[in-house]
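Here are my notes on the model you sent over.

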Amino acid sequence: MKTFKMGGVHPEENKISNDAAIEIMPVGKQMVVLMNQHLGAPATPVVQKGDKVKVGQLIGEAQAFMCANVHSPVSGTVLKIDTCKDAFGISKPAVYINVEGDEWMESIDRTPDIKRECTLEPKEIVAKLKEMGIVGLGGATFPAHIKYSIPEGKKAEYLIINAAECEPYLTSDYRVMMEHAEEICIGISILRRALGVPNAYVGIESNKPQAIKHMQETARQFEGIVIEPLKVKYPQGAEKQLINAITGRKVPSGKLPIDVGCVVSNIGTTFAVYEAIQKNKPLIENILTVTGKELPSQHNYKVRIGTTYNEIISHSIGQLPETTGKVISGGTMMGKAVVNLDAPTVKGNASVLVIGEKEARRAPETNCIRCGKCMHACPMGLEPYLFSALVRTGKTEEAKEHNILDCIECGCCFFSCPANKPLLDEIRLGKNRVRAMMAAKK
Amino acid sequence: MTNDILIAVIVLGVLGILFAVVLYIVAQKFKVLEDPLIDEVAEVLPGANCGGCGKAGCRAFAEACVKQGNMDGLRCAPGGNAVMAKVAELLGCSVEQGEPQVAVVRCNPSCKGANRRSNYDGLQSCAFQNTLYTGESGCPFGCLGCGDCVEACQFDAIHIDPSTGIPVVDANKCTACGACAKACPRRVIEIRNKGRKERRVFVSCVNKEKGAVARKSCDNACIGCGKCEKVCPVSAISINDNLSYIDFTKCIACRKCVVECPTHAIHDVGFPAPAKKAEAPAEAPQEPIKVNITVGEKVEIPANN
């Protein structure tokens with residue numbers, strides 16, 4: 001079975017919400033849509049106070065290069081354009097909408113029929129991805145139209161679809177594969193067409209045998225879709241690791257996947273691409289997992305973007321258990337703790353993960369014993385213990401020479417450290433310092 | 001036997017003279033001409049290498065002084081006026097007498113603790129915590145309390161008060177070098193004039209959010225209401241981005257603004273404690289009124305009894 005060559009760990013999988021079918025979350029009374037839901041500059045609001053909007057109407061336009069359109073997830077009246085605190089308490093520009101009814105844009109095809117044919121030219125596909133505000137749903141929320149505009153002089157040879165879902169707890173990708181396999185395959189065919197590559201490879205970790213079987217059966221009806229079962233190892237779904245596992249190629253330090261002829265997309269994105277291209281539906285919904293060992297029930301939901309964490313929690317489980325230590329958006333390895341549960345969800349949110357008090361706490365830190373476990377765990381072949389020492393002593397230049405910027409922040413080092421040193425925290429701080437140093441030199 | 005000793009002494013002696021000559025020639029050839037004044041100036045400086053002057057260290061500061069020939073734009077904060085006068089004497093130029101200064105932490109100690117909304121157990125570094133989220137208090141501008149300033153201080157003049165989690169400056173030790181202000185990722189610390197009789201008034205908040213939002217973050221936040229600006233007799237107070245700022249060069253420390261401030265965001269330091277008032281029973285701390293408001297909804301604000 002294929003896997004990446006270097007490092008990796010195997011955290012407890014905890015896929016306890018695997019069998020919960022995707023439910024539809026009802027829409028609340030008011031929606032707050034952040035203008036900055038993607039990597040890059042915030043979108044510029046194009047509606048005004050008092051405007052009537054429909055579901056799927058453009059409310060934030062991408063004016064900068066690294067930016068994505070934002071559409072209204074609900075119908076109603078624009079209440080105000082103001083700032084709103086996001087999940088981490090940071091104020092961001094947002095559009096507040098009072099929900100009235102559920103009136104969709106006429107252009108959106110809401111019938112359940114599956115549309116297979118796509119005759120659009122690659123450039124038209126990319127333009128439509130931009131129009132529909134599609135971003136990568138694997139976590140980084142990288143605007144899709146930029147990813148699929150291949151720079152001149154470079155050629156894509158492989159399209160790789162990440163369905164590894166190597167993060168513990170998360171099951172949204174698994175549910176999408178089980179319930180929307182055909183749509184996904186059409187989405188992949190569209191992306192293949194956009195890139196002009198002969199084959200697309202879908203990497204699925206072997207702890208999802210049903211998804212592998214189901215996807216294989218569906219993919220038979222399509223041309224050029226190869227399902228690749230992968231070994232269960234974290235971070236199998238990381239861009240560079242997945243490329244290494246499937247093609248055997250290695251992305252050199254400081255280069256992008258396209259430099260080795262690869263484009264990697266998340267499986268959730270392919271479903272969004274299908275809906276955008278074939279059904280004219282902008283990215284206004286997330287599929288997210290509500291899970292946690294101490295929760296009375298496990299869920300997978302289709303949620304309109306802008307629904308707050310509190311609304312999701314109260315609808316799914318009523319209220320948080322008293323023993324809750326942390327609410328995490330994302331998986332346990334790379335997710336971020338949410339401090340403001342009144343914050344609206346944004347594109348790319350994959351889960352509301354509730355962790356108990358005991359599990360949430362970090363164990364006390366002790367001294368490094370130079371055991372080298374972090375080096376063995378690092379999938380990028382770096383030396384986390386060294387970065388720790390360099391960052392603590394402020395040796396930024398040296399940290400840069402040891403390629404600190406190659407770190408993908410997967411957290412394997414911290415996970416494997418027997419001394420519980422906050423290695424990833426230190427590396428992130430070091431990366432910030434290196435970036436600041438490089439910016440100052442320019 | 002005697003011959004052997006003699007030969008050894010002669011050989012070593014000749015070699016010694018030979019090397020001495022080579023070394024002398026090399027030393028003359030590659031001589032670096034350095035103004036002896038630099039050494040003299042460096043001697044006068046405190047030698048703490050705090051970096052407060054913006055140079056790499058005291059030696060670099062001395063070099064800059066001598067190169068420039070005067071003291072314009074150069075100042076050694078830890079040395080103060082005495083050291084600056086000595087340096088000016090060595091250089092033969094004049095120097096402006098600066099007001100003595102001190103570092104001021106512009107975050108309200110009472111906002112911590114009670115208002116803690118989350119528990120941070122990651123790397124104890126403000127610079128890192130600042131990249132993650134707003135911090136334990138929920139204020140996106142306030143002190144994070146990990147002590148980057150404490151680490152930066154070369155003079156042991158700033159420490160975290162364990163009861164509030166906010167740093168406290170020891171005005172007697174502080175040299176106003178500015179290392180803590182530079183280390184603070186949120187620019188909470190400011191270098192201000194010590195003031196006459198070491199009495200000073202400052203706005204102890206750096207929150208630039210709108211009043212209502214700022215108030216949600218902290219009960220003692222400056223809400224930019226402008227009352228202090230109106231009451232100030234010397235117009236030393238200005239309000240920008242919902243935040244009041246007292247210009248310490250104009251302030252006469254009359255303390256009218258301190259009385260006026262509705263959120264007690266303006267602090268006075270160094271004034272004698274008010275007489276008698278100390279005996280009055282301390283007011284019981286009031287529970288902050290919590291009202292859930294959806295925008296657009298009419299609400300009645302409960303009376304404050």
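1. A word on the ground rules. This is a predicted model, where local features need pLDDT of at least 70, side-chain atom pairs count only at pLDDT 80 or more, and totals for chains, interfaces and linings use all residues. Residues are numbered from 1 along each chain as its sequence is written, while chains are lettered from A and ligands numbered from 1 in the order in which they are written.

2. How do the two domains of chain B meet? Six residues of domain 1 are in contact with seven residues of domain 2 (contact: C-beta atoms, placed from the backbone, within 7 Å). On the domain 1 side, four of the residues are nonpolar, two are polar and none is charged. Here Ala, Val, Leu, Ile, Met, Phe, Trp, Tyr, Cys and Pro count as nonpolar, Asp, Glu, Lys and Arg as charged, and the others, Gly among them, as polar.

3. Now chain A, which has 14 helices and 17 strands (DSSP runs, numbered from the N terminus: H or I of at least four residues for helices, E of at least two for strands). Its radius of gyration is 22 Å, close to the 22 Å from the globule rule for 442 residues, so chain A is as compact as a globular protein of that length. That radius is taken over C-alpha atoms, and the rule is 2.2 Å times the number of residues to the power 0.38. The C-alpha trace of chain A spans about 65 × 50 × 50 Å along its principal axes.

4. Between the chains, 17 residues of chain A and 18 residues of chain B make up the contact. On the chain A side, β8 (91-99) and α14 (423-441) are the elements giving two or more residues. The most comes from α14(A), with five residues. That side of chain A holds seven nonpolar, five polar and five charged residues.

5. One helix pair to look at: the axes of α1 (residues 122-131) and α4 (residues 181-195) of chain A come within 8 Å and cross at roughly 120°. Axes are lines fitted to C-alpha atoms, for helices over the stretch in contact, with angles from 0 to 180 degrees between N-to-C directions. α1(A) and α4(A) are therefore oblique to each other (under 35 degrees is roughly parallel, over 145 roughly antiparallel, 65 to 115 roughly perpendicular, the rest oblique). Pro122(A), Ile125(A) and Val126(A) of α1(A) meet Ile190(A), Arg193(A) and Ala194(A) of α4(A). Five residues of this contact are nonpolar, none is polar and one is charged.

Notes
Two residues are in contact if their C-beta atoms, placed from the backbone, lie within 7 Å.
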